Amino acid sequence: MSGYFLYHSIGTFPGKAERMAAALGDFSGIWSAEDDGQWPAALAARQRFIDAWIRLIEAPQGTLTTAENVTAALYSLIGALPSERLAGKRLLVAADCFPSLHFLLAGLAQRFNFTLDTVPLRPGESWVRDEDFVARWQEDVGLALITFVTSTASHRCDVAKLAAHGRAMGSIVGVDVTQGIGVAPFSVAATPVDFVVSTSLKWLCGASGAGILQVAPDLLSTCRPELRGWFSQPNPFSWDLDAFSYASDARRFDHGTPAILASVASLPGLQWLEGTGIDAIRAQNAAHVGRIIDAAMSNGWTIRSPLDAEKRGGSVMIGLPQGVEAAKLVATLRDEQLYCDARGTTLRLSPGMVTTSAAVDALIAGLREQIGSRQRRAS
């Protein structure tokens with residue numbers, strides 16, 4: 001029985017350890033060889049990772065590159081924009097965005113002369129409604145950052161609707177797809193946006209350090225990243241100090257010598273996903289999540305995620321009642337080899353392809369024991 005419910009943190013798949021070890025072992029042999037083949041092989045491995053991401057989100061060739069993490073990717077994009085795109089304008093985010101990005105933007109607002117406008121949650125609600133985001137989105141919004149799926153409620157926004165509104169307002173539209181990519185369909189071909197940021201953790205089953213930045217061609221051509229270096233050039237081996245120019249494609253967002261290991265370690269997860277198919281992953285996840293939601297409703301537990309599967313990512317969040325200590329509950333479940341986590345009084349549950357039906361049964365039984373039911377609490 002695999003009681004793994006932590007796909008919102010680190011995803012896994014059958015045979016992950018072996019496939020990751022093999023990929024890293026192959027790379028170790030190449031990198032340690034006493035010849036001159038290391039860099040051609042390393043850059044080819046990184047390109048395979050980039051190509052897998054391009055296929056995953058159906059992005060045009062040359063529009064995607066690597067970043068250490070989502071925060072670094074967003075910083076690189078902000079620092080590359082023409083000054084008039086943000087100066088004197090609002091930058092719109094939702095209060096349930098990933099906190100690291102809000103921390104970054106709050107620190108950059110004065111320097112880039114934009115006003116950070118954070119759309120709040122309605123009192124007593126667990127996610128920012130799409131209609132509230134749209135209501136705050138007028139023509140003075142220079143850039144809006146959309147969260148595809150939230151990490152605190154698993155709310156899945158209507159990217160197509162929001163992006164269409166953004167185009168009408170003349171705003172730059174970016175999407176953080178981290179919590180949804182790999183379990184919910186997302187395509188920049190089907191739903192054009194100006195840029196995408198993500199990591200390869202979560203449902204992609206990769207390693208930390210394997211973030212990405214994808215920028216639409218029209219915006220890409222106007223970007224002049226301030227974080228730049230020898231790999232930003234058309235020819236990285238041009239060392240003419242007075243003749244720097246940007247590469248015509250997403251390589252302009254590269255800078256110093258690129259990290260390779262995170263891409264190598266994450267490619268097996270992307271390949272497994274491609275071979276398995278998002279539809280199969282989504283179907284199993286939906287079945288497990290549906291059972292947890294049914295149990296929550298029958299026991300009177302508070303559900304802090306959308307009930308409509310089309311408006312939900314791959315996780316379901318349960319609000320813990322007064323008197324139930326989150327850390328103690330997580331520890332008790334861990335003792336039963338049921339692995340999840342909590343943010344405040346919100347229990348986060350994310351079953352994936354290794355999570356068994358028996359584990360879902362055990363989880364529900366454990367929650368009944370620790371939380372009880374509405375009827376039992378009333379008696």
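Helices (H or I, at least four residues) and strands (E, at least two) are DSSP runs, numbered from the N terminus. The model is predicted: local features need pLDDT of at least 70, side-chain atom pairs count only at pLDDT 80 or more, and totals for chains, interfaces and linings use all residues. Residues are numbered from 1 along each chain as its sequence is written, and side-chain values use heavy atoms, with hydrogens and water left out.

Helix 6 spans residues 159-169. Its buried residues (under 20% relative accessible area, 1.4 Å probe, protein chains only) are Val-159, Leu-162, Ala-163, His-165 and Gly-166. These fall within an arc of 160° seen down the helix axis, so they line one face of helix 6. The arc is taken from the directions from the helix axis to the C-beta atoms. Arg-167 and Ala-168 are exposed (over 50%) and sit on the face turned away from the buried side. The cover over the buried residues includes helix 5 (130-135), strand 5 (141-147) and strand 6 (172-176). Gly-170 follows helix 6, with a positive phi near 75°.

A nonpolar core is a set of buried Ala, Val, Leu, Ile, Met, Phe, Trp, Tyr and Cys residues joined through side-chain atoms within 4.5 Å. The largest has 52 residues. Trp-53, Leu-56, Ile-57, Phe-133, Trp-137 and Phe-186 touch the most other members. Elements that each supply at least two residues include helix 6, strand 3 (90-94) and helix 8 (261-276). Helix 2 gives the most, with seven residues. Another core, of 30 residues, lies apart; Val-70, Leu-86, Phe-114 and Leu-219 are among them.

Terms used
Contact = heavy atoms within 4.5 Å.
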